[in-house]
Every structure is written in structure tokens, then in C-alpha cells.
Amino acid sequence: MDRFTDKVVLVTGAGSGLGLATARILSREGARIACVDVNGESAERVAAELGATEGRAIALTTDVTDRTACREAVASTVTEFGKLDVLCNIAGIGRFQHTLDVDADDWQQIIDVNLTGTFLMCQAALPQLLETRGAIVNTASIAGLRGQAYAAAYCASKGGVVLLTKALAIEYSTRGVRVNAVAPGGINTPLIPAGFIPPEDADPQLILRASAPTHSMAEPEQVAHTVVFLASCDASYVNGAVLVVDDCVLH
Ligand SMILES: NC(=O)c1ccc[n+]([C@@H]2O[C@H](COP(=O)([O-])OP(=O)(O)OC[C@H]3O[C@@H](n4cnc5c(N)ncnc54)[C@H](O)[C@@H]3O)[C@@H](O)[C@H]2O)c1
């Protein structure tokens, strides 16, 4: 299946985890990829793997919290490939913390990357996507749908992504740009050991409450296929959707 032949896709968070898996599948399906990540080394490594030397990928070191950098990332993509068809907003951060331990910087950093960063990339990309009648896929989380203990900022940021997605989907519905999101459960990526370590005195019952007893972690590819579906022509009649990607049946 080559649903992305002649398509240009910008993937944020392409250096790791879900973004990396998504960039790989899109590339296999024919897309040229702008690999955007705040970690320039990983963006370079992924772009090299996806064919930078043959003109099939570029690496862009971009912090999605920086409005100017987001605009430059879109401009560089269009300079390199001539257009932009799809934006996949996958960059994100998170951590477990007691609410009473969250200081202003902890709160702001998570909101800035997950919610404001998603908005800034959408705003930067929309003029190009209006030209190509393209698509946006954002990354929410089940934590943004039903909440999770010890993760107030993360849940608030992902809940914001859910309604940002729906707001843009309505606003651009008559102008040919689709805007959807995935809401994954737990994915086996570096995000979990890096950030989602429960506080020492956390109540394990409260953490388990977010999932069913049968719950298991997804491999990144299992979620990436849904991102790619929403980005593709197969989802041409899907707009404003937030697709849960999780084997937990409690939603
Ligand atoms: N892993 C999970 O269990 C899980 C569950 C639900 C949703 N998600 C969401 O999936 C997305 C991807 O997470 P992941 O699990 O692959 O994590 P990851 O840590 O493996 O990858 C995240 C990537 O985003 C990049 N990034 C972080 N801050 C950035 C910034 N300011 N600008 C640009 N890039 C930045 C990182 O360098 C990294 O390459 C995130 O939005 C996350 O919230 C993850």
C-alpha cells in the first residue's frame, strides 16, 4: 500500500517512540518526511535512516514551544519538498508527581510542550495545509479523556489537545483540512521510564484505576498505524475524531 506516494509529512517527536514508528511507516508508504525533534541528534539519525541522502527525509531541530521555530520548520519543509500535506503532532512530555509538589515551572513545561506546542505547529502548518487540502493528526492520551492520578498537568494538557483538535476540525471543515487525534493508552517508549515513575508513596490502587486488569502496553507500531490511518486518504470522511488506541475496555 503506497497511500503516501508524492505526499510530504512533517512529524514532530520523530526522534523516538511513537513519532519514530509513525515516520517509519509513512516513509515505507512513500512519504517524504520532515523529522522534527528538539533532540537534533535523534532527528538526524532518523532522517538518515529514512533516506536523507536520497532527498526522502530532512532533519529539523525544533522546539515546538517556540512559535518562530515552528514557522521555520514548516518553511524549511516547503523549501525542501515544495509543499506540506500532513502534520503529525507527536512530540510530548509527561511525568507523575503529587499535585502538591507541582511548581509553576513543572506545570508550565508540560502545558507548553503538549498543548501550546501542538497549537503552534497547527497554526504554522495550516496555511500550507489549506493549499494541499491536507490533514493534521494530534496526539492526546486516555489520560486526557478520563484523568489519571499524579498527572494533573499531563491530563490537563491532553484534555486540551482533545478540544483543540475538535475546534480546528470544525473551523476548517469547509476548507478541506481534516483534524483528528489519537488517544493512546500505555505505549512501550522511553517516555514511561523517563517520566512516569510513580512517587514513592503513591497509592498503587489509584494508578491501576486508569486501566483494566487485562491491560497491556502497546508497542509504538500498534499506535502508529492508527496515526497513519487518520493521516491517509482512507480516513477522508473522518474529521474531529479522537480515536482511543488501547486494549483497555473501560473507556
Ligand atoms: N508512551 C505512552 O504511554 C503514551 C501514552 C499516551 C500518549 N502518549 C503521547 O505520545 C507522544 C509521543 O510520546 P512517546 O511515548 O513516543 O515519547 P518519547 O519520549 O519516546 O518521544 C517523544 C519525543 O518528543 C520529543 N520532544 C520532547 N519535547 C519536545 C519539544 N519541546 N519540541 C520538539 N520535540 C520534543 C522528544 O525529544 C522525543 O523524541 C507524546 O505526545 C505522549 O504524550 C504516550
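Student: How far is the ligand's oxygen atom from an N or O atom in the side chain of aspartate 37?

Tutor: In this predicted model, the distance between an oxygen atom of the ligand and an N or O atom of the aspartate 37 side chain is 2.5 Å.

Student: And what about tyrosine 154, how far is its side chain from a ligand oxygen?

Tutor: There, an N or O atom in the side chain of tyrosine 154 sits 2.7 Å from an oxygen atom of the ligand, while at isoleucine 187 a backbone N or O atom lies 2.7 Å from a ligand oxygen.

Student: How much of the ligand does the protein bury?

Tutor: The protein buries 92% of the 830 Å² that the ligand exposes when taken alone.

Student: Which elements give two or more residues to that shell?

Tutor: Those are helix H1 (17-28), helix H6 (152-171) and helix H7 (191-195).

Student: How many residues surround the ligand, and what classes are they?

Tutor: The ligand is surrounded by 29 residues, with Ser16, Asp37, Tyr154, Ile187 and Thr189 as the closest, and by class the shell has 14 nonpolar, 12 polar and three charged residues.

Student: Changing topic, where is aspartate 106 found?

Tutor: Aspartate 106 is part of helix H4, which covers residues 104-132.

Student: Is aspartate 106 buried or exposed, and why?

Tutor: Aspartate 106 counts as buried because its relative accessible area is 16%, and the cut-off for buried is under 20%.

Student: What does aspartate 106 touch, then?

Tutor: Leaving out residues up to four places away in sequence, aspartate 106 touches Arg95, Gln97 and Asp101.

How values were computed:
Residues numbered from 1 in each chain as written. Predicted model: local features only at pLDDT ≥ 70, side-chain atom pairs only at ≥ 80, totals over all residues. Heavy atoms only, no water. Near = heavy atom within 4 Å. Polar contact = N/O pair within 3.5 Å; in protein donor to acceptor, adjacent residues only side chain to side chain. Areas by Shrake-Rupley, 256 points an atom, 1.4 Å probe, with all protein chains shown as cover. Helix = DSSP H or I, 4+ residues; strand = E, 2+ residues; numbered from the N terminus. Nonpolar A, V, L, I, M, F, W, Y, C, P; charged D, E, K, R; others polar. Buried < 20%, exposed > 50% of the residue type's maximum accessible area, 1.4 Å probe, protein only. Contact = heavy atoms within 4.5 Å.
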